[in-house]
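The structure is shown below, followed by the points grouped by topic.

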Amino acid sequence: MSEAKVHRAMPSASDIDQGLQTASAADHVIKTRYGTMRLGRRTLLMGIINVTPDSFYDGGKRFDPAKALADGIGLVEAGADIIDVGGESTRPGAPPVSVEEELQRVLPVVQGLRRTVKIPISIDTYKARVARAALAAGADIVNDISALRFDPEMAALLATEKVPVVLMHMQGTPQTMQAEPRYNNVLREVQDFLEARAIFALEAGLERDHIILDPGIGFGKTLDHNLTLLRGLPALASLGHPLLVGASRKAFIGKILGVEPEDRLEGSLAAAVAAVFGGAHIIRVHDVKETWRAVRVADAIRFGIPGAQR
Ligand code: 7PJ
């Protein structure tokens, strides 16, 4: 696949800017080292590339870096705005991976993508050493499912590197989180947690515009908790930071429909559209082409089509 094709397939940042001239002042702007992302009338898609043998959906499919790279380029051509590269499965009970192993998995893919695609690359890790090396290899965003809690070095690294971060809610750890998730008021508790983590990040020296919040669908949550959070997204969006939602092919969809991860595309599209209407700015997905189409229609219903004749 030629580099030119990948570049041609993607609208440039200025194309996106022009399409959004009517965006309201409340819209967010995230500055990355690889261009400015405008969040508002166009919901952005974060495409998932797991370089793992054991992730619940794409585990094993992309353990070969060349395959992971080719698939990542495919996600960009399908319309991804960000590519999220991860080297450690966080499915419930998955074994932790050493820093060395995680680096061996993700670095070749980050390097290859950086040479090939013109969109921000996110590194899905809670380890500062992995984040530091991935940022040096060309990553632009850190997706930290621990919201800066698991590695005490992470906050200082991000403040120094001046890159955006996703702060995600999780109850417990990936090893324990699904054992017995419990909340008195899940929406209130997730909202308070995200607000507290954003304050922690600000106090550590991160820029306000670099903090993206995420309710962590499936991370220490029952079906009912996940549905309450998806229904309550407007409360989370009201915290004043961009909101990222990842529901793609997750277990709660399987519980509703009684289907395995391979058969959760339609349910994932429904969740993506619900997230758009709840005020999510970025949707993290496996199926970029299909979600791109669903979300374009949802965006058009929600905001209209900029410049279109009415
Ligand atoms: C999420 C994630 C999510 C963020 C995973 C999967 C499970 N990062 N990493 N949000 N989920 N920020 O890929 O479905 O929901 S791993």
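A residue is near a molecule if one of its heavy atoms lies within 4 Å of it. The model discussed here is predicted. Around its ligand there are 13 residues, of which Phe56, Asn143, Asp214, Lys250 and Arg284 come nearest.

**Ligand site**
- The ligand is located in the largest pocket.
- The shell of residues around the ligand comprises 6 nonpolar, 3 polar and 4 charged members.

- Lysine 250 places a polar side-chain atom 2.6 Å from an oxygen atom of the ligand.
- Arginine 284 also has a polar side-chain atom by a ligand oxygen, at 3.0 Å.

**Salt bridges**
- The whole structure contains 16 salt bridges.
- One of them pairs glutamate 161 with arginine 33, with 3.3 Å between the closest N and O atoms.
- Glutamate 161 belongs to helix H6 (residues 154–161), while arginine 33 lies in the loop between strand S1 (28–32) and strand S2 (35–39), so the pair ties together parts that are 128 residues apart in sequence.

Note on methods:
Residues numbered from 1 in each chain as written. Predicted model: local features only at pLDDT ≥ 70, side-chain atom pairs only at ≥ 80, totals over all residues. Heavy atoms only, no water. Polar contact = N/O pair within 3.5 Å; in protein donor to acceptor, adjacent residues only side chain to side chain. 1 Å grid on protein atoms, 1.4 Å probe; cavity = no way out; pocket = protein on both sides within 12 Å on 5 of 7 lines; lining within 4 Å. Sits in = over half its atoms within 2 Å of the grid points. Nonpolar A, V, L, I, M, F, W, Y, C, P; charged D, E, K, R; others polar. Salt bridge = Lys/Arg side-chain N within 4 Å of Asp/Glu carboxyl O. Helix = DSSP H or I, 4+ residues; strand = E, 2+ residues; numbered from the N terminus.
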